[in-house]
Amino acid sequence: MSTEVVAVSAVSAEQQQSPSAPAQQNAVEKVNLLGMSRPQMEKFFEDMGEKKFRAGQVMKWIHQFFVTDFAEMTNISGKLREKLEKICEIKAPEVVHKNYSKDGTRKWVFRVGDGEGSLVETVLIPAEHRSGLRCTLCISSQVGCALDCSFCSTGKQGFQRDLNQAEIIGQLWMANYSYMEDVPVLERERSVTNVVMMGMGEPLLNYDAVLNSMRTMLDDFAYGMSKRRVTLSTSGVVPKIDQMVKDIDVALAISLHAPNDELRNKLVPINKKYPLEQLIAACKRYIEKDGNESSRKHVTIEYVMLDGVNDHPEHAQQMIKLLKNLPSKINLIPFNPFPHAPYGRSSRNRIISFQKTLSDAGFVCTIRQTRGDDIDAACGQLVGQVADRTRRAEQWKKKVAQQNEILRSQG
Ligand code: SAH
Ligand code: SF4
């Protein structure tokens, strides 16, 4: 697959360091409306002495017509538009790279702060589906991740900070806008049909911002997405799963990756805090909450296939026992290697026979297609060109250097 690479960082990076920058810093910071959920925006308008229905109108302009200039909001009075112009802005995070693959996959790298390491990535994967074209966007929720799963390149970067709502929704806004840039405002449509919170970071550890962003995804005044088409993926922050069940109805994916505590403690360290028994119990509580009407008919189980580590027939048997009473769909993910990764990808045969064991036991079990490899868009490679500056990254580099040294001395 060949790709068209468009670097757009140069101008904005220079502007940031231009002599006029200090003057800009002194200017009053404008309120960014991009990330506000409807209740938040309604309150904002009311506090300004305006009617709260204005929030819905403005949200439609932002999220359905991808307008960033208040002057284009033609159903809002000139006076209010002027007022908004003075104190507000609609600002997506800065795109430093975009990369569009010929197979339709698109990737963006966003700068979300100063410094080399403050970058996050977003990937869009279109695919034909029986219900039509599906456009799935993989969204990041944090810069780096504190949980340090042993097979994950984001984990190796360490944790830097949570993304705010504008930075989370900004990824969805930008992906939709990328198809509509040249379309007249009133003819614009939304292209992204599905969202998976499976980019960088653990979404349940940035709970409020992720919750409000998902509310905006479902809101008819914004993206109006189906609750079955917004999926939150977690490595298993049990109390927050329960909180989410109370707060919002979206699909849930669990990064399981191991069918017993001993192995899972090694691969997904948060398992030491919330072991499998607690995690499976939380999944059952999620399903039991009005399971028939909602998106909560099943839990998606993600299982990365690591060669010789978690892909033995006995692991498949343990999975069958573990998931026996949990309505679930299993998605086997071929491991995506990254430089110095301590694992390899299970062979195709191994993955297929693992799948067969689970299917024969009555589970719906699919193998994830690896797409966008040519632009590092594959799951788990979201770290891409992100610079790793944290201590853990330093320790990791040292460890790799030591290992290389040992290998060299062994000839
Ligand atoms: N923190 C959340 C969401 C982000 S990770 C979670 O862990 O669920 C999204 C998915 O990518 C998870 O299932 C994760 O385990 C998987 N993943 C991480 N690194 C990977 C790699 N190198 N190869 C394949 N999948 C990987
Ligand atoms: Fe964090 Fe998820 Fe990566 Fe684990 S797999 S380190 S939870 S991003």
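This text walks through one predicted protein model, from its overall make-up to single residues.

Residues are numbered from 1 along each chain as its sequence is written, while chains are lettered from A and ligands numbered from 1 in the order in which they are written. Since the model is predicted, local features need pLDDT of at least 70 and side-chain atom pairs count only at pLDDT 80 or more, while totals for chains, interfaces and linings use all residues.

Start with confidence. The score used is pLDDT, the predictor's confidence in each residue, from 0 to 100. Its average over the chain is 87. A score of at least 70 is reached by 82% of the residues. Residues 1–25 stay under 50. For this stretch the model has 22 contacts beyond four places in sequence. A contact means that the C-beta atoms of two residues, placed from the backbone, lie within 7 Å. Residues 383–391 also have a pLDDT below 50. That stretch has 24 contacts in the model beyond near neighbours in sequence.

Now take the chain as a whole. It holds 14 helices and 15 strands. These are DSSP runs, numbered from the N terminus: helices are H or I with at least four residues, and strands are E with at least two. The chain has 411 residues, and 39% of them count as buried. Buried means that 20 or more other C-beta atoms lie within 10 Å of the residue's own; exposed means 12 or fewer, partly exposed means in between, and C-beta atoms are placed from the backbone. Look also at contacts with a separation of 6 or more. Of these, 68% join residues 24 or more positions apart.

Leu 326 is 42 residues away along the chain, but the two C-alpha atoms are separated by 6.3 Å. Lys 284 counts as partly exposed because it has 14 C-beta neighbours inside 10 Å.

Helix H8 covers residues 207–218, which makes 12 residues. From its first C-alpha to its last it reaches 17 Å. That is close to the 16 Å expected at 1.5 Å a residue, where the expected span is 1.5 Å times one less than the number of residues. Buried residues of H8 include Ala 209, Val 210, Leu 211 and Met 214. The buried residues of this helix pack against helices H3 (38–47), H7 (165–180) and H9 (238–247), and against strands S9 (159–162), S10 (194–197) and S11 (230–234). Helix H4 has buried residues too, among them Arg 54, Val 58, Trp 61 and His 63. Its buried residues pack against H3 and H7.

Next, turn to ligand 2. Which residues are around it? They are Cys 145, Leu 147, Asp 148, Cys 149, Cys 152, Thr 154, Gly 155, Gly 201, Glu 202, Ser 235 and Ser 255. A residue is counted here if its C-beta atom, placed from the backbone, lies within 6 Å of the molecule. The shell divides into four nonpolar, five polar and two charged residues. Ala, Val, Leu, Ile, Met, Phe, Trp, Tyr, Cys and Pro count as nonpolar, Asp, Glu, Lys and Arg as charged, and the others, Gly among them, as polar.

UniProt, in an unreviewed entry, lists Cys 145, Cys 149 and Cys 152 under "binding site". Its positions are given in the numbering used here, feature names are shortened, and annotations may be inferred rather than shown by experiment. Cys 145 sits in the loop between strand S8 (142–144) and helix H6 (153–157). Cys 149 is in the loop between S8 and H6. Cys 145 is buried because 24 other C-beta atoms lie within 10 Å. For Cys 149 the number is 23, so this residue is buried. Leaving aside neighbours within four places in sequence, Cys 145 contacts Thr 154, Gly 155, Phe 159, Met 200, Gly 201 and Glu 202. On the same terms, Cys 149 contacts Gly 155, Ser 235, Leu 267, Val 268 and Pro 269.

The unreviewed UniProt entry also gives an "active site", listing Glu 121 and Cys 379. Glu 121 lies in strand S6 (residues 119–129). Is Glu 121 buried or exposed? Glu 121 is buried, because 25 other C-beta atoms lie within 10 Å.

Finally, check the backbone at Phe 66. Phe 66 has a positive phi of about 55 degrees although it is not a glycine. This residue is in the loop between helix H4 (53–63) and helix H5 (78–87). Phe 66 counts as buried because it has 22 C-beta neighbours inside 10 Å.
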